[in-house]
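Work through these exercises with the sequence and the model side by side. Try each task before reading its solution.

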Amino acid sequence: MRETDRALVQAATAVAKLRCRSENHTVAAAVRSADGRVFSGVNVYHFTGGPCAEVVAIGAAATQGVTELETIVAVGDRGRGVIPPCGRCRQVLRDYFPDLRVIVGPPDALRVVPVGELLPDTYVWADHQLDAPVDPAPAQRTGD
Ligand SMILES: [Zn+2]
């Protein structure tokens, strides 16, 4: 864990404490961009499948034109601490940001893992876009 990773956990924790005060918003996420900016979001619970906090934080970054993200963390309300991304978020994070770092683990043993490690042997959406233009020099992904 870098100092910036600890700061990201603190940012998400602060948002969870300040903004997660109803059953509609129970998790906060913070994401750090490649240029060091931090964006946050909270989940939007709804029985039809409202978005998780991680997805909202990605949207907040995109709203500001930031699409290169480096590290993400989610924190639960009422002192639940860091919580790992759900399966759907793991897939979204892996497809959007193959090199993303994810902070997971219990409070006394937080660690950073590559998103690919959270979803081994997964379907990779980009690999199946057969009608997409062919990249003459596709970038190597971590873990491929
Ligand atoms: Zn999720």
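The exercises go from the whole chain to single residues.

The model is predicted: local features need pLDDT of at least 70, side-chain atom pairs count only at pLDDT 80 or more, and totals for chains, interfaces and linings use all residues. Residues are numbered from 1 along each chain as its sequence is written.

**Exercise 1. The whole chain**

Task: Find how many helices and strands the protein chain has, and compare its radius of gyration with that of a compact globule.

Solution: 
- Count the elements. There are 3 helices and 6 strands. Helices (H or I, at least four residues) and strands (E, at least two) are DSSP runs, numbered from the N terminus.
- Read off the order. From the N terminus it is α-β-β-α-β-β-α-β-β.
- For 144 residues a compact globule would have a radius of gyration near 15 Å, and the protein chain agrees, with 15 Å.
- Check the box. Along the principal axes, the C-alpha atoms fill roughly 50 × 35 × 30 Å.
- Look at contacts, meaning C-beta atoms, placed from the backbone, within 7 Å. Among those between residues at least 6 apart in sequence, 53% join residues at least 24 apart.
- Turn to the record. An unreviewed UniProt entry lists residues 2-126 as "domain: CMP/dCMP-type deaminase". Such annotations may be inferred rather than shown by experiment; positions use the numbering here, and feature names are shortened. Residues 2-126 are 30% helix and 25% strand, with end C-alpha atoms 30 Å apart.

**Exercise 2. Helix H1**

Solution: 
- Apply the burial cut-offs. A residue is buried if 20 or more other C-beta atoms lie within 10 Å of its own, exposed if 12 or fewer, and partly exposed in between, with C-beta atoms placed from the backbone.
- List the buried residues of H1. They are Leu8, Val9, Ala11, Ala12, Val15 and Ala16.
- Recall the geometry. An α-helix has 3.6 residues a turn, so residues three or four places apart point the same way.
- Inspect the other side of H1. Glu3 and Leu18 are exposed there.
- Find the cover. The buried residues of H1 are covered by elements including strands E1 (27-33), E2 (38-42), E3 (69-76), E4 (81-83) and E5 (101-104).

**Exercise 3. The strands**

Task: Work out which strands pair with E1 and E3, and in which sense.

Solution: 
- Two strands pair if DSSP finds at least two bridges between them.
- Start with E1. E1 and E3 are antiparallel, with 7 bridges. Arginine 32 has threonine 71 of E3 as its bridge partner.
- Valine 31 is opposite phenylalanine 39 in E2.
- E3 and E5 run parallel, with 2 bridges. Isoleucine 72 is the bridge partner of valine 102 in E5.
- E3 and E4 are antiparallel over 3 bridges. Alanine 74 has isoleucine 83 of E4 as its partner.
- Check burial. In E1, 6 of the 7 residues are buried, so E1 is largely enclosed by the rest of the structure. In E3, 6 of the 8 residues are buried.

**Exercise 4. Positive phi**

Solution: 
- Most residues other than glycine have a negative phi.
- Arginine 78 in the turn has a positive phi of about 50°. Arginine 78 is exposed, with 9 other C-beta atoms within 10 Å.
- Move to the segment after strand E6 (111-114), which holds aspartate 121. Aspartate 121 is exposed, with 7 other C-beta atoms within 10 Å.

Technical notes: Contact = placed C-beta atoms within 7 Å. Rg over C-alpha atoms; globule rule 2.2 N^0.38 Å.
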